[in-house]
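Good morning, and thank you for joining.

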Amino acid sequence: MDLNEDIRWKQRFQNFGRAFSLLRSIAESKSAEDFSDEECELIVGRFIFTFELAWKTLKDYLEYEGLKLTEASPRKVIKECAESGIFDAAETDAQVFIDMLEARNVMAHSYDYEKFKKITADIVGDYTRELDKIYFYFLSKVVE
């Protein structure tokens, strides 16, 4: 990717890629039940940051493609991506992105140990897998 290229979604994607790489490196290092509580906290923190960059990359891409968003909330962006076919093209599931949003909200606003452990398992399993799909979707757009 040309770092001098002034296209917002590509710049945001580059940051998403770095954050996702850090998340993926720990999430794939062992199975969810083998992580210590401290490692789970690291995973959740990296997930929250990575998810923020993911939905904002999606928002910037929609705008680059000419969609004028009247509301740029994560939920609205996810809905627009589903309607525009981005998730289908990436072979990912819009509902998992909604689940990620809800997990992000739970972890950012409260602490419940059982939810914390379940969300960590979801991050290590489904969420990382779906973020991987959207990452490669955008990577293919960068090289076009």
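Let me begin with glutamate 80, which lies in helix H3. Please keep in mind that what you see is a predicted model.

Is glutamate 80 buried or exposed? Its relative accessibility is 14%, and since the limit for a buried residue is under 20%, glutamate 80 counts as buried. Setting aside the neighbours within four places in sequence, the contacts of glutamate 80 are Leu62, Leu67 and Leu69.

Glutamate 83 is also placed in helix H3. Here the relative accessibility is 52%, and because exposed means over 50%, glutamate 83 counts as exposed. From glutamate 83 to alanine 94 there are eleven residues in sequence, and the C-alpha to C-alpha distance is 9.6 Å.

Helix H2 covers residues 37-64 and helix H3 covers residues 74-84; their axes come within 10 Å and cross at roughly 55 degrees. That angle makes H2 oblique to H3. As for handedness, H2 and H3 cross in a left-handed sense.

Which residues of the two helices meet? On the H2 side they are Phe51, Trp55, Leu58, Lys59 and Leu62, and on the H3 side Pro74, Val77, Ile78, Glu80, Cys81 and Ser84. Sorted by class, this contact of H2 with H3 has eight nonpolar residues, one polar residue and two charged residues. Glu80, with which I began, is among the H3 residues that meet H2.

The next pair is H1 and H2. Helix H1 spans residues 8-27, and its axis comes within 8 Å of that of H2, with a crossing of roughly 160 degrees. Angles over 145 degrees count as roughly antiparallel, and H1 and H2 are therefore roughly antiparallel to each other. The crossing of H1 past H2 is left-handed. In the contact of H1 with H2 there are 16 nonpolar, four polar and six charged residues.

By class, the contact of H2 with H6 divides into 16 nonpolar, three polar and four charged residues.

Threonine 57 sits in helix H2, and with a relative accessible area of 0% it is buried. Apart from neighbours within four places in sequence, threonine 57 is in contact with Trp9, Arg12, Phe13, Phe16 and Phe138.

Phenylalanine 136 and glycine 17 are 119 residues apart in sequence, yet their C-alpha atoms are 9.6 Å apart in space.

Asparagine 105 is partly exposed, at a relative accessible area of 26%. Between asparagine 105 and isoleucine 48 there are 57 residues in sequence and 8.8 Å in space, C-alpha to C-alpha.

Let me now consider the cysteines. Cysteine 40 is buried, having a relative accessible area of 1%. Cysteine 81 is buried too, at 0%. How many disulfides are there? The count comes to zero, where a disulfide would require a pair of cysteine sulfur atoms within 2.5 Å.

I close with the backbone. Most residues other than glycine have a negative phi. Glutamate 91, however, has a positive phi, near 55 degrees. Where is glutamate 91 found? It is in the loop between helix H4, residues 86-89, and helix H5, residues 94-109. At 63% relative accessibility, glutamate 91 counts as exposed.

Definitions and conventions. Residues are numbered from 1 along each chain as its sequence is written. This is a predicted model: local features need pLDDT of at least 70, side-chain atom pairs count only at pLDDT 80 or more; totals for chains, interfaces and linings use all residues. Side-chain values use heavy atoms; hydrogens and water are left out. Axes are lines fitted to C-alpha atoms, for helices over the stretch in contact, and angles run from 0 to 180 degrees between N-to-C directions. Helices (H or I, at least four residues) and strands (E, at least two) are DSSP runs, numbered from the N terminus. Angles under 35 degrees count as roughly parallel, over 145 as roughly antiparallel, 65 to 115 as roughly perpendicular and the rest as oblique. A crossing is left-handed if the near helix is turned anticlockwise from the far one by less than a right angle, and right-handed if clockwise. Contact means heavy atoms within 4.5 Å. Ala, Val, Leu, Ile, Met, Phe, Trp, Tyr, Cys and Pro count as nonpolar, Asp, Glu, Lys and Arg as charged, and the others, Gly among them, as polar. Buried means under 20% relative accessible area, exposed over 50%, partly exposed in between (1.4 Å probe, protein chains only).
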